[in-house]
Amino acid sequence: MEIATRTHNDVTLVALVGSLDSNTSPQTQQALDGILSSGARKLVVDMTALDYISSAGLRVFLATVKRLGGTGAGGGALRLFGLNETVREVFDISGFSTILAVFATEADALKGFLTPP
Amino acid sequence: VHAGSPLGNAFQLTIEPDRAEVARANAAFTAFAEANAVPDAIRRSLNVALDELLQNTIAHGFAGRPAGGGGGGAVTIAVELLPDRLTVTLTDDGQPFNPLATAAPDTARPVEERPVGGLGVHLVRQLMDEVQYHRRGGRNVVVLVKRLTKV
């Protein structure tokens, strides 16, 4: 798993390259925890190069969304985009599609999220 | 068929019941699937199923063995590619453990309130066309089938 991070105004974009499974989830969790510890409150995860995700990977997103303040009106500061067919299927089966904000493209994910400079 | 060698339309790999071995099994399966032009969506579904089931087997079927392997035991992953189906058979000599006996998660409850256990097996059941468990000859045998549609 490769994790590339960049910032766009007040949004931190995190690109996941590889697979998010039992082997790579501890490293990914650590990277996301580090980003939140540095004060980031708006995360956009680029999933276009994520090959597949298992339940261990879903737990990483669940822990991250909880840390950001849940999925209610005050939360929702985690957005994802670019899910392939299999990742989308795993999100749908598990019910994660209904609790995480999933977008088609980076532009869609940033719309209304980014605070202008 | 040579063990661990992703050649032809079948291959077999034996790993130690150690968590670090799961990634090696998945990498070998991916190499086999790509060499045989298995569609990505099918290959990825099996990658998920292998991660879930191998982790489960190592955690439950081999509980109490020393971490890092070396405690004996083996898990064999046998893959067979036929024109209409891909079959993956997982065989291990651990304690009797039926992963399918895990209760399905209550998907009507909010995700945040659900116990995490059971989700992996739920994914496997939904992603695969067939999942079977047998206890045979002192071994746990899990058979996964994914049907292939002709293009």
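Trainee: How many residues of chain B are in contact with chain A, and with how many residues of chain A?

Mentor: This is a predicted model, in which local features need pLDDT of at least 70 and side-chain atom pairs count only at pLDDT 80 or more, while totals for chains, interfaces and linings use all residues. Residues are numbered from 1 along each chain as its sequence is written, chains are lettered from A and ligands numbered from 1 in the order in which they are written, and side-chain values use heavy atoms, with hydrogens and water left out. Contact here means heavy atoms within 4.5 Å. By that criterion, 23 residues of chain B are in contact with chain A, and the residues of chain A involved number 23.

Trainee: What area is buried between chain B and chain A?

Mentor: The size of an interface is often given as the accessible area lost when the parts come together. Buried area is the accessible area (1.4 Å probe) that two parts lose on being put together, summed over both. Carbon and sulfur atoms give 60% of the area between chain B and chain A, and the total is about 1,900 Å².

Trainee: How many residue pairs are in polar contact across the interface, and which element of chain B gives the most to the side that touches chain A?

Mentor: A polar contact is a pair of N or O atoms within 3.5 Å; within protein, one must be able to donate a hydrogen and the other to accept it, and residues adjacent in sequence count only if both atoms are side-chain atoms. The rule finds seven such residue pairs across the interface of chain B and chain A, both residues being at pLDDT 80 or more. With helices (H or I, at least four residues) and strands (E, at least two) taken as DSSP runs numbered from the N terminus, the elements of chain B that give two or more residues to this side are α1 (19–35), α2 (40–61) and α3 (119–127). The element that gives the most, with nine residues, is α2(B).

Trainee: Which residues make up the network of salt bridges that includes D51(A)?

Mentor: A salt bridge is a side-chain nitrogen of Lys or Arg within 4 Å of a carboxyl oxygen of Asp or Glu, and two of them cross the interface of chain B and chain A. D51(A) pairs with R43(B), the closest N and O atoms being 2.4 Å apart, and with R44(B) at 2.8 Å, N to O. D51(A) lies in strand β4 (residues 50–53) of chain A and R44(B) in helix α2 of chain B, so this pair joins two chains. The network consists of D51(A), E34(B), D40(B), R43(B) and R44(B).

Trainee: What is the radius of gyration of chain A?

Mentor: Chain A has five helices and six strands, running β-β-α-β-β-α-β-α-α-β-α from the N terminus. The radius of gyration is taken over C-alpha atoms, and the globule rule is 2.2 Å times the number of residues to the power 0.38. For 117 residues that rule gives 13 Å; the value for chain A is close to it, so chain A is as compact as a globular protein of that length, with a radius of gyration of 13 Å.

Trainee: How many residues apart are K42(A) and D10(A)?

Mentor: The side chains of K42(A) and D10(A) meet in a salt bridge (2.9 Å, N to O). K42(A) is in the loop between α1 (25–37) and β3 (43–46) of chain A, and D10(A) in the loop between β1 (2–8) and β2 (11–20) of chain A; the pair links distant parts of the chain, 32 residues apart.

Trainee: Which side chain makes a polar contact with the side chain of N140(B)?

Mentor: N140(B) is in strand β5 (residues 139–147) of chain B and is buried, with a relative accessible area of 3%. The side chain of N140(B) reaches the backbone nitrogen of F97(B) at 3.0 Å. The side-chain partner, at 2.6 Å, is Y133(B).

Conventions:
Buried means under 20% relative accessible area, exposed over 50%, partly exposed in between (1.4 Å probe, protein chains only).
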